[in-house]
Amino acid sequence: IPVVNLIQGLRHADPGSELRGYLHRPAMRVCVSAAVADALEATGEVCGPVHVIPAALNLPADPGGAAQRKGVLIDGSKRPELAAMAAGHLAASGLEVRCLLEPLPRRDYLHALARAEVVVALPLEREGFYLPALEAMALGAAVVTLDAGGNRGYLQHMGNAWVAPADPASVAAAVLALHADTGLRMRMVDAGRHCACAHTLARERDMFVPLLMDMETSWNDIPVTSH
């Protein structure tokens, strides 16, 4: 029976991971980023083809709030300690800061992104893709974020986002620099929107459907001894 394995995380390639134990089984693997695909291939244990289809955005046409855009939103739900410390630095500088240490309902979260002038999106150290930074770009915020591996496929430091070191002072310094430089902030916003436009559900579907249409051929190409 043909198997399609949708892989979102780098942990599938981690030594000793239960997930890695499945790589020797035949499947067509579809990864959300080149970083994930590269990590799988590097194990030398993958049975079957590995494809990359970058994650897509699924956003409402009007999340609301953009007309009142102001202040800084820190999404620290994955890095609460770093978020709280960065928020303290920024509050001491007089900026209006909202710091999220717990996830919000989806609608409320997107509304918060759409209202912020600058969004600080703090991923885990290793992410397969990390959508929040790209969602903030799509919704017109200037983005400060961290390198997380899988987000390198869409991040351009000082182009569409500011990629800061993972320490509170550096994160706060990046926000303050963007707040002070309107020209840089607006160029980053424009570049971020342009980048986000490439991550549509239609494009994701257009890449995925041909893989399914060719599934029989791809499956038959996997060595019989691997079944």
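In what order do the five strands of the open sheet lie, and is their pairing parallel or antiparallel? The order is β5-β4-β6-β7-β8, and the pairing is parallel. Keep in mind, as you look around, that this is a predicted model. Here is a short tour of the sheet, the helices on it, and the cores.

**The sheet**
- β5 (97-100) and β8 (162-163) are the edge strands, each pairing on one side only.
- Four bridges join β6 and β7 in the parallel sense.
- Val119 has Val143 of β7 as its bridge partner.

**Helices on the sheet**
- Helix α2, residues 80-92, packs on the sheet by touching β4 and β5, and its direction makes about 175° with that of β5.
- Helix α5, residues 168-180, lies across β4, β6, β7 and β8 and runs at about 165° to β7.

**Helix α4**
- Six of the eight residues of α4 are buried, leaving this helix mostly covered.
- The buried residues are Pro132, Ala133, Leu134, Glu135, Ala136 and Met137.
- They pack against β4 (72-75), α3, β6, β7 (142-145) and α6.
- After α4 comes Gly140, with a positive phi near 90°.

**Nonpolar cores**
- The largest nonpolar core holds 35 residues, and Leu73, Val119, Leu134, Met137 and Tyr154 are among those with the most contacts inside it.
- At least two residues of this core come from each of α1 (34-43), α3 (106-115), β6 (118-121), α4 (131-138) and α6 (182-196).
- Another core, of 24 residues, lies apart from it and includes Ala83, Leu90, Trp162 and Leu184.

Technical notes:
Residues are numbered from 1 along each chain as its sequence is written. This is a predicted model: local features need pLDDT of at least 70, side-chain atom pairs count only at pLDDT 80 or more; totals for chains, interfaces and linings use all residues. Side-chain values use heavy atoms; hydrogens and water are left out. A nonpolar core is a set of buried Ala, Val, Leu, Ile, Met, Phe, Trp, Tyr and Cys residues joined through side-chain atoms within 4.5 Å. Buried means under 20% relative accessible area, exposed over 50%, partly exposed in between (1.4 Å probe, protein chains only). Contact means heavy atoms within 4.5 Å. Two strands pair if DSSP finds at least two bridges between them. Axes are lines fitted to C-alpha atoms, for helices over the stretch in contact, and angles run from 0 to 180 degrees between N-to-C directions.
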